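Subject: The structure I promised you

Hi,

Have a look, and then read on for what turned up in it.

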Number of protein chains: 2
Amino acid sequence: MIRIGIVGYGNLAKGVEAAVRNSADMTLAAVFTRREPEKVHIADPDAAVCRYSELDCWAGKLDVVVNCGGSAADLPLTTPEIASRFNVVDSFDTHAKIKEHFAAVDERAKAGGNVALISVGWDPGLFSLARVYLNSVLPEGKDYTFWGRGVSQGHSDAIRRIPGVLDARQYTVPVPASLDAVRAGQTPDLTVREKHTRECFVVAEEGADLEAIEKAIKTMPNYFADYDTSVTFITAEELARDHKGLPHGGTVIRTGTTGVEAKDRHTAEFSLNLESNPGFTGSVLTAFARAVYRLSQKGETGCRTAFDIAPALLFPGDPLSML
Amino acid sequence: MIRIGIVGYGNLAKGVEAAVRNSADMTLAAVFTRREPEKVHIADPDAAVCRYSELDCWAGKLDVVVNCGGSAADLPLTTPEIASRFNVVDSFDTHAKIKEHFAAVDERAKAGGNVALISVGWDPGLFSLARVYLNSVLPEGKDYTFWGRGVSQGHSDAIRRIPGVLDARQYTVPVPASLDAVRAGQTPDLTVREKHTRECFVVAEEGADLEAIEKAIKTMPNYFADYDTSVTFITAEELARDHKGLPHGGTVIRTGTTGVEAKDRHTAEFSLNLESNPGFTGSVLTAFARAVYRLSQKGETGCRTAFDIAPALLFPGDPLSML
């Protein structure tokens, strides 16, 4: 049995916990939290709940730690820290800082004799894998990534910070005409606005200036100003009833050609339609934790990404049956 | 430069030749044929054309041999033979005999100190990879594979063997209602007939008994009897004008759940729409030849499948840019 530790206990950690319970070759040893452990109620009755500061006491008792912290402030500090003591997996997704994170984690993992795997999930993660496979087999071509329809938590949070807003849910939605054109093998140059629209469902305080809120959303730089954005005001009850889930998904499409003089055109697509973004991402992290364990058993050390993982390492059974 | 040898010079070999020309890190050294070399005219002016029996003379001059023979009679003999002298890649696709082929190739590759990679293409190959990744990250679920719309050469050949038939082209077509149901996340149990239909375009000899040909096709066991099959008689000119390509494609879909008590449902899909089946398959074989070369440079030996290949090994550049 692969003994798993989970750091954090938010939605993603709960996804990992469920995936570990659904994996016959894994067991959850402990959840590590910065909250008061007695206030954290995990689903698995056999696992411990401990303070994050006690993690080091678990040396020799955990095969892989799945770090479920946030990319902005948490993972850049904690993944290197954990990598010096344990094999570790994270879902670091700040694309611009991945090389820096890789270097920091690699140094600590090598020093500690551990294997670390960063930036796993569906994007970065499965979508990145689709891009590498498809760029390798179709070197002449063009990539497109569309996200949604799904909830962007970063954009929902940005709306919640506007004065007068009580709660909000933002959906990222691909523009159907653009998606159809790319699927049909066309290779348009698409602006940000032509790729996605943003749908906002907002609960306002009683008496709030709705026009001002709508304007504040639609003109917000980076988040909304470059998109066609719709704002719909709803009640707290409607939000709880119709928007409680965290669905997401998207699609990676590569169109390209083979041949030297006479060219043939090909289109490849990988798409996901997820009822629960953290549930699915947690399941991806868990499969990659299996690969980390197996690499560690072979005596490997240092940082890896999904690109370094032979797919057979993820699969619990005999992969030849999948050919 | 990775020096490539190609065995055979049919459509697939021509696809490999074009892909090698489109790869900056590869060069075609020679094509090996069982025909008279002077009668084989390859596109690359700098490569040699030699008899297959001369392959051994090229020891030390080829980094990877791409074996483009057929699965039925050729690859089971030649891939082990080549593996004892060279690194080799093939597209062996007789699913029921893959383990046997693997064992034969593995023994010879290990004895010769070479790396061999079998069963690469899009199915088996990229579709197999999609199945392994998706089964690993969604262990609770159900797989579906649909093929087409595309030309099945085996089924076209079967029609050509019927007395009175001059030429034929058979298209395998997914049943739209079944594909839509699976894409929508349903998990029906589908019969052979419910998954695919077969469209046959047939050129008959003058005066041939068309009713007898149509009946012979529609009742042919294994190939057509279990399917809804349509037969359309056309002229040789129409066949040459409208059906000269070898398009193919298909889609792998996995629907599954995460969660323990409350389950969330997810759907993942990988699909290909190929204007030229041999052109694309040749490009896939070429990317995997790069991986074989790199594994051999590391000192590895023995037989591999696509599942054993870390995706970074396929990619000519820095894969971190793809995250």
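Let's start where the two chains meet. In this predicted model, chain B and chain A bury about 5300 Å² between them, and 66% of that area is on carbon and sulfur atoms. That number is a handy one to quote, because the size of an interface is often given as the accessible area lost when the parts come together. If you'd rather count residues, 59 residues of chain B are in contact with 59 residues of chain A. Three names to highlight on the chain B side are Tyr133(B), Phe307(B) and Leu323(B): they supply 15% of the area that chain B buries against chain A, more than any other three residues.

Side chains of opposite charge can pair when their charged atoms come close. Over all chains, the count comes to 38 salt bridges, and two salt bridges were found across the interface of chain B and chain A. Lys99(B) forms a salt bridge with Asp318(A), with 3.2 Å between the closest N and O atoms. Lys99(A) forms a salt bridge with Asp318(B), again with the closest N and O atoms 3.2 Å apart. To find that last pair on screen, go to helix H3 (residues 98–112) of chain A for Lys99(A), then cross to the segment after strand S14 (302–304) of chain B for Asp318(B).

Next, how some helices pack.

In chain B, take helix H1 (residues 11–21) and helix H10 (residues 277–297): their axes come within 7 Å and cross at roughly 55°. H1(B) and H10(B) are therefore oblique to each other, and H1(B) passes H10(B) in a right-handed crossing. From H1(B), the contact is made by Asn11(B), Leu12(B), Gly15(B), Val16(B), Ala19(B) and Val20(B). H10(B) brings Pro278(B), Gly279(B), Thr281(B), Gly282(B), Ser283(B), Leu285(B) and Thr286(B) to the contact. Sorted by class, that makes six nonpolar residues, seven polar and no charged.

In chain A, helix H2 (residues 75–83) packs with H3(A) at an angle of about 20°, their axes 7 Å apart. H2(A) and H3(A) are therefore roughly parallel to each other, and H2(A) passes H3(A) in a right-handed crossing. Leu75(A), Pro76(A), Thr79(A), Pro80(A), Glu81(A) and Ala83(A) of H2(A) make the contact with His101(A), Ala104(A), Val105(A), Arg108(A) and Ala109(A) of H3(A).

While you're in chain A, click on Tyr293(A), which lies in helix H10 (residues 277–297). What does Tyr293(A) touch, leaving aside its neighbours within four places in sequence? Tyr293(A) is in contact with Ile2(A), Asp63(A) and Val64(A). As for Asp46(A), 247 residues away from Tyr293(A) along the chain, the C-alpha atoms of the two are separated by 21 Å.

Most residues other than glycine have a negative phi, and most peptide bonds are trans. The peptide bond from Asp123(A) to Pro124(A) is cis, with omega near 0°. Pro124(A) is found in the loop between strand S6 (115–117) and helix H4 (126–137) of chain A. Over in chain B, a cis peptide bond joins Asp123(B) and Pro124(B), with omega about 5°, and Pro124(B) has its place in the loop between strand S6 (115–117) and helix H4 (126–137) of chain B. Back in chain A, Ser119(A) lies in the loop between S6 and H4, and its phi is near 65°, a positive value in a residue other than glycine.

Cheers

Key
Residues are numbered from 1 along each chain as its sequence is written. Chains are lettered from A and ligands numbered from 1 in the order in which they are written. This is a predicted model: local features need pLDDT of at least 70, side-chain atom pairs count only at pLDDT 80 or more; totals for chains, interfaces and linings use all residues. Side-chain values use heavy atoms; hydrogens and water are left out. Axes are lines fitted to C-alpha atoms, for helices over the stretch in contact, and angles run from 0 to 180 degrees between N-to-C directions. Helices (H or I, at least four residues) and strands (E, at least two) are DSSP runs, numbered from the N terminus. Angles under 35 degrees count as roughly parallel, over 145 as roughly antiparallel, 65 to 115 as roughly perpendicular and the rest as oblique. A crossing is left-handed if the near helix is turned anticlockwise from the far one by less than a right angle, and right-handed if clockwise. Contact means heavy atoms within 4.5 Å. Ala, Val, Leu, Ile, Met, Phe, Trp, Tyr, Cys and Pro count as nonpolar, Asp, Glu, Lys and Arg as charged, and the others, Gly among them, as polar. Buried area is the accessible area (1.4 Å probe) that two parts lose on being put together, summed over both. A salt bridge is a side-chain nitrogen of Lys or Arg within 4 Å of a carboxyl oxygen of Asp or Glu.
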